[in-house]
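Let's walk through this model together, going from how the chains relate to each other down to a few details of the backbone.

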Amino acid sequence: MKASELAAVLEGTLEGGDVEIFACAGLEEARKGDLSFCKDPKHVRLVETTQASAVLLPHDWSLGAPCSIIRVADPNRACMQAAAIFAPPEPVRAPGVHPTAVIDPTATLAPGVHVGAYAVIEKGASIGEGAVVEAQVFIGENCRVGARTHIYPQVTLREGTVVGADCILHCGVRLGGDGYGFNNGKREDGTVYIEKIPQLGIVEIGDGVEIGSNTTIDRARIGRTYIGPMTKIDNLVQIGHNVKIKGYSGLIAQSGVAGSTEIGYGCLIWAQAGISGHIKIADGVQVGPQAGVPQSLDGSLKYVIGAPAMSMKDLAAITLAPKMIAKLKAELKEIKAKL
Amino acid sequence: MKASELAAVLEGTLEGGDVEIFACAGLEEARKGDLSFCKDPKHVRLVETTQASAVLLPHDWSLGAPCSIIRVADPNRACMQAAAIFAPPEPVRAPGVHPTAVIDPTATLAPGVHVGAYAVIEKGASIGEGAVVEAQVFIGENCRVGARTHIYPQVTLREGTVVGADCILHCGVRLGGDGYGFNNGKREDGTVYIEKIPQLGIVEIGDGVEIGSNTTIDRARIGRTYIGPMTKIDNLVQIGHNVKIKGYSGLIAQSGVAGSTEIGYGCLIWAQAGISGHIKIADGVQVGPQAGVPQSLDGSLKYVIGAPAMSMKDLAAITLAPKMIAKLKAELKEIKAKL
Amino acid sequence: MKASELAAVLEGTLEGGDVEIFACAGLEEARKGDLSFCKDPKHVRLVETTQASAVLLPHDWSLGAPCSIIRVADPNRACMQAAAIFAPPEPVRAPGVHPTAVIDPTATLAPGVHVGAYAVIEKGASIGEGAVVEAQVFIGENCRVGARTHIYPQVTLREGTVVGADCILHCGVRLGGDGYGFNNGKREDGTVYIEKIPQLGIVEIGDGVEIGSNTTIDRARIGRTYIGPMTKIDNLVQIGHNVKIKGYSGLIAQSGVAGSTEIGYGCLIWAQAGISGHIKIADGVQVGPQAGVPQSLDGSLKYVIGAPAMSMKDLAAITLAPKMIAKLKAELKEIKAKL
């Protein structure tokens, strides 16, 4: 798209060459053919060194640019608009079932459902109105998928899994795997045994939940592993059996929650954090990146960090210990000299 | 199922309304239609506030309940029994090959094997008696799968992988990927090179091993990456090339073992722990959650925690350092005042 | 293969029985039928206790072995040669499209492309000359895959993903999933909202990149998530949206990089390390295993470890704090006694 056409669409004015634009990108990331943006003169250095072919700048920008300029009222907003123009068009997943999908005759598909190539839907499963089941998805027996839920390719739902309405399951999500549960010990003759504990429950996902690529959520030993409404889970997260997440919480990439733990409303679990089993995290608590939470958090701390998880202040004190020790050592030396 | 019918099956007596029961759940998790259980009066609060429609209680329970009661001899046992009744029926994977499975004519299937839709089994692979290969599984050339092993949907076994008998591989397990191995350095002209080291070995899994969803185990550079019998591996675990796990060990979710490390019998590696390459963990050692093990553990410590991994006592001492420092500081102040 | 035949191929001389050899393995891992190797007398203990049927030893080895010996000039090199002989033959992925592959008529396949069973290639996608798309792969709309790139089974490329030439994508890799991006807050009526931020960009992978099993790389919010040439990524790694990795870097298993962070040339991110969003890691920096990097690293430290990431020396000082405190305490006691 010509920069001049873009300027027209974005209600801006073009200065400089009418270059061809193919994509949007941040100032540093941008290269030839990209449109970038800047609204604040404090980032002028990044503008000066950008490889972009054109840059969106506010009307009162007086610092120039090494490329074409499109002046607009709000560069951020204009860039989002332009990005939507250049975005790869979202694939259309029209209602209909691909002829290669293997769907058990006892499964029920509501109107408007899309099922992609090589998807497998087993006995008794039901798919809600307008849901999208992309290529190569596996939906086990008696699963229920809510209306308008979008399941990306190569997701697996083991038998009995329940997914609410308006959910998004990204590629490689695994719902309903057996939890890690074994009885072990020694027999009378001294030999060791390890016996699998049957995992008889299910996974139940509330409405509006989004689950990132390759995240795994185990089925309950008894009852349900429950992910409450509007919870947003990132990639490669592990949720153990019988975990209960009340809702409206976020779990960032590679974090993990061990079995039977309950997470309140509005919590945020940062990347690579780990939460022990059989504990409770109160509503609104944030668990910092890589934190390890060995026991319940009652909300008296709103943010914990470190392992075992503690306040920012307590972690800082540990980090500063060597400095404090050096100081004490010096003082001791002084005292000794005096004695 | 009516509560009265359930009471009959569980050899208990019903008190209160003959409600309809659909599932089992813990006291806190339970909601309308659920059966819950409690055996110990110390949890009476949870009974008082449960949303369950009925609760299993011992014969001598005198504290009442806000719902129907089924009195039984052993509430825990009765609940497990009831859970088995309400559990989603385990899908039947009858012997037979789905017509859409693509199986190379040189592959051999023992009697009683089940192969699901869109599974791919390549040249020279062999599947043992009664094994289950579910839908969309990929089994590469010359793989061997033992008798009664159950492979859930969307597992991939790269060429040459050997899996023992009575194993369970959950959805998304990846066996036999190339290990991370590169030679790099600078050429005489100053340019950098990074060359792939061929990964010529295989993965071999012993009998009775269970591997969780989306766990990855790399093929050996030479020889075998070996997972010994009865080892139980949770979800999202990473096992590097040439690792040897002797057997009867557990690896909890998101833990990782780097290349060429040996783990003894009966070890337990807790969640998110990391074990360096080329070291040995002695039989029976436990590595705590998020621990980082940089060198061999000879078993003189039975449990390690922290990074670098140490005893519980040593980690506690570090955590307590700020408190100790404050105490020393106060004492110093006192001494100074005296001088 | 007979040990004598092997000796001939490896230009060595056989001592002891002409045993049958099936595979190569390290001294400790080896069992009956294996060939092992040792070049250094300091590992004589491992030779003495090996279960191998034959061992490669240097010509001047005078310490014997409990099995057949093949003397060679360079035991390491000879073992690599032998390993190549015994390696499971690499499956041939000849040019051609499996009849079950579902390929949109608008997709373009260059000469020499291999497409496996049940692969799905959508509208407008293009696959470069000699590329291998294995079974059950999903390639979304308008993706571009470079020449000679090898995509193992069950990889998914969401729409618009660009992969360079000579790349390797291992099983279960997920490229182009939506990044974790939500706007949330409270409405005027006090209710909470969580809104998805459209992720309008793509993932772009440079030439010569290798990506390990079940690794996930998110599409950009705007522009590109960029993995520069010759970068090597291990298994179960998470790369957030708009991350830029310049090139020639390594990311070891289970590490994670949060959104919009830039990683320089020649960096090495060790296993389970976590790097915060919106920061920069200078060229050549190494981030140690399990390290947590909260802010930019300008290269003044070449290696960081711990969380928050620091120098080895600083981490050692924290670990040694209890010892230092005990020493100070003893000195204080002495002083007190003197007063």
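This is a predicted model: local features need pLDDT of at least 70, side-chain atom pairs count only at pLDDT 80 or more; totals for chains, interfaces and linings use all residues.

Start with the pair formed by chains B and C. Helix α4 of chain B, residues 312–338, packs against α4(C) at an angle of about 25 degrees, and the two axes are 9 Å apart. With the cut-off above, α4(B) and α4(C) are therefore roughly parallel to each other. The way α4(B) passes α4(C) is a left-handed crossing. On the chain B side, the contact is made by B:Ala317, B:Ile318, B:Ala321, B:Met324, B:Ile325, B:Leu328, B:Glu331 and B:Ile335. Facing them from α4(C) are C:Ile318, C:Thr319, C:Ala321, C:Pro322, C:Ile325, C:Leu328, C:Lys329, C:Leu332, C:Ile335 and C:Lys336. Sort the residues of this contact by class and you get 14 nonpolar, 1 polar and 3 charged.

Now turn to chains A and C. Helix α4 of chain A, again residues 312–338, packs with α4(C) at an angle of about 25 degrees, with 9 Å between the axes. That makes α4(A) roughly parallel to α4(C), and their crossing is left-handed. Here α4(C) contributes C:Ala317, C:Ile318, C:Ala321, C:Met324, C:Ile325, C:Leu328, C:Glu331 and C:Ile335. They meet a set from α4(A) that includes A:Ile318, A:Thr319, A:Pro322, A:Lys329, A:Leu332 and A:Lys336. The class count for this contact is 14 nonpolar, 1 polar and 3 charged.

That leaves chains A and B. How far apart are the axes of α4(A) and α4(B), and at what angle do they pack? The axes are 9 Å apart and the angle is about 25 degrees, so α4(A) and α4(B) are roughly parallel to each other. The crossing of α4(A) and α4(B) is left-handed. From α4(A), the residues taking part include A:Ala317, A:Met324 and A:Glu331, and among those they meet in α4(B) are B:Thr319, B:Pro322, B:Lys329 and B:Lys336. This contact divides into 14 nonpolar, 1 polar and 3 charged residues.

What relates the chains as whole copies? In general, two copies of a chain are related by a rotation about an axis and a shift along it. For chain B on chain A, the rotation is 120 degrees and the shift along the axis is 0.0 Å, giving an RMSD of 0.1 Å. That is the relation of a three-fold axis. Chain C, for its part, can be laid on chain A by a turn of 120 degrees and a shift of 0.0 Å along the axis, with an RMSD of 0.1 Å.

Let's step back to the whole interfaces. Between chains C and A, 47 residues of chain C are in contact with 49 residues of chain A. The elements giving two or more residues to the chain C side are β19 (174–177), β21 (192–196), β25 (224–227) and α4 (312–338). The largest share of that side, 9 residues, comes from α4(C). By class, the side of chain C that touches chain A has 22 nonpolar, 16 polar and 9 charged residues.

The interface of chains B and A takes 49 residues from chain B and 47 from chain A. On the chain B side, β2 (23–24), α3 (75–86) and α4 each give two or more residues, and α4(B) gives the most, with 10. This side of chain B divides into 29 nonpolar, 15 polar and 5 charged residues.

Finally, some backbone details. The peptide bond from B:Ala307 to B:Pro308 is cis, with omega near -5 degrees, and B:Pro308 is found in the loop between β37 (303–304) and α4 of chain B. In chain C, a cis peptide bond joins C:Ala307 and C:Pro308, with omega about 0 degrees; C:Pro308 lies in the loop between β37 (303–304) and α4 of chain C. Over in chain A, have a look at A:Asn142, a residue other than glycine with a positive phi, near 60 degrees. A:Asn142 sits in the loop between β13 (138–139) and β14 (144–145) of chain A.

Conventions
Residues are numbered from 1 along each chain as its sequence is written. Chains are lettered from A and ligands numbered from 1 in the order in which they are written. Two residues are in contact if their C-beta atoms, placed from the backbone, lie within 7 Å. Helices (H or I, at least four residues) and strands (E, at least two) are DSSP runs, numbered from the N terminus. Ala, Val, Leu, Ile, Met, Phe, Trp, Tyr, Cys and Pro count as nonpolar, Asp, Glu, Lys and Arg as charged, and the others, Gly among them, as polar. Copies are superposed by least squares on the C-alpha atoms of residues with pLDDT of at least 70 in both. Axes are lines fitted to C-alpha atoms, for helices over the stretch in contact, and angles run from 0 to 180 degrees between N-to-C directions. Angles under 35 degrees count as roughly parallel, over 145 as roughly antiparallel, 65 to 115 as roughly perpendicular and the rest as oblique. A crossing is left-handed if the near helix is turned anticlockwise from the far one by less than a right angle, and right-handed if clockwise.
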